[in-house]
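Please prepare a short report on the structure shown below.

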Amino acid sequence: MASEAGAEGPPGPVCATCGARASGAEEAALARLTWTRGSEGGREVWTCGACSRRHLRSIEGKLDSAWW
């Protein structure tokens, strides 16, 4: 018999800004499509959709000028 954690799949992302969690396999899969993923200090960080919208200008300001 499989454990519950194994049946759910890998854990979903956690918002680095507000701490929101994508729990459950379906919600985690959706979060990986709709949340913002970044890299800080060599580690992967996730930002939920609400925080991404709230802090869009700050996120854009961190992009290299090559993006523009």
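The report begins with the source of the model and the overall layout, then turns to the pocket, the cysteines and individual residues.

**Model and conventions**

This is a predicted model, in which local features need pLDDT of at least 70 and side-chain atom pairs count only at pLDDT 80 or more, while totals for chains, interfaces and linings use all residues. Residues are numbered from 1 along each chain as its sequence is written, and side-chain values use heavy atoms, with hydrogens and water left out.

**Overall layout**

The chain has four helices and two strands. Both kinds of element are DSSP runs numbered from the N terminus: helices are H or I with at least four residues, and strands are E with at least two. Read from the N terminus, the order is α-α-β-β-α-α.

Of the 68 residues in the chain, 21% are buried. Buried stands for under 20% relative accessible area, exposed for over 50%, and partly exposed for values in between, with a 1.4 Å probe and protein chains only. The chain exposes about 5,500 Å², and carbon and sulfur atoms supply 53% of that area. Accessible areas come from the Shrake-Rupley method with a 1.4 Å probe, and for residues only the protein chains shown count as cover.

Contact means heavy atoms within 4.5 Å. Among contacts between residues at least 6 apart in sequence, 24% join residues at least 24 apart.

**The largest pocket**

The largest pocket has a volume of about 330 Å³. It is lined by 14 residues, and those closest to its centre are E40, V45, T47, I59 and K62. The search uses a 1 Å grid over the protein atoms alone: a cavity is a set of points where a 1.4 Å probe fits but cannot get out, and a pocket is an open set with protein on both sides within 12 Å along at least five of seven lines; lining residues have an atom within 4 Å of a point. Grid points are joined across faces, edges and corners, and the volume is the space filled by probe spheres set on the points.

β1 (36-40), β2 (43-47) and α4 (56-61) each supply at least two lining residues. β1 gives the most, with five. By residue class, the lining holds four nonpolar, seven polar and three charged residues. Here Ala, Val, Leu, Ile, Met, Phe, Trp, Tyr, Cys and Pro count as nonpolar, Asp, Glu, Lys and Arg as charged, and the others, Gly among them, as polar.

E40 is found in strand β1 and is partly exposed, at 43% relative accessible area. Leaving out residues up to four places away in sequence, E40 touches V45 and K62. T47 is found in strand β2 and counts as buried, at 15% relative accessibility. Beyond its neighbours within four places in sequence, T47 is in contact with C15, T17, W35, T36 and S52.

**Cysteines**

How many disulfides does the chain have? With a disulfide taken as a pair of cysteine sulfur atoms within 2.5 Å, the count is zero. The sulfur of C18 lies 3.7 Å from the closest cysteine sulfur, in C15, so it is too far for a bond. For C48 the closest cysteine sulfur is in C51, at 3.6 Å, which is also too far for a bond. C18 is partly exposed, with a relative accessible area of 47%, whereas C48 is buried, at 7%.

**Loop residues**

| Pair | Apart in sequence | C-alpha to C-alpha |
|---|---|---|
| T17 and C51 | 34 residues | 6.9 Å |
| G12 and R32 | 20 residues | 8.1 Å |
| W35 and W46 | 11 residues | 6.7 Å |

T17 lies in the loop between α1 (4-8) and α2 (25-34) and counts as partly exposed, at 48% relative accessibility. Its contacts beyond four places in sequence are T47, C51 and H55.

G12 is placed in the loop between α1 and α2 and counts as buried, at 18% relative accessibility. Residues up to four places away aside, G12 touches A22, A28 and R32.

W35 sits in the loop between α2 and β1 and is buried, with a relative accessible area of 15%. Not counting residues up to four places away in sequence, W35 touches P13, V14, C15, A20, R21, A22, W46, T47, C48 and G49.
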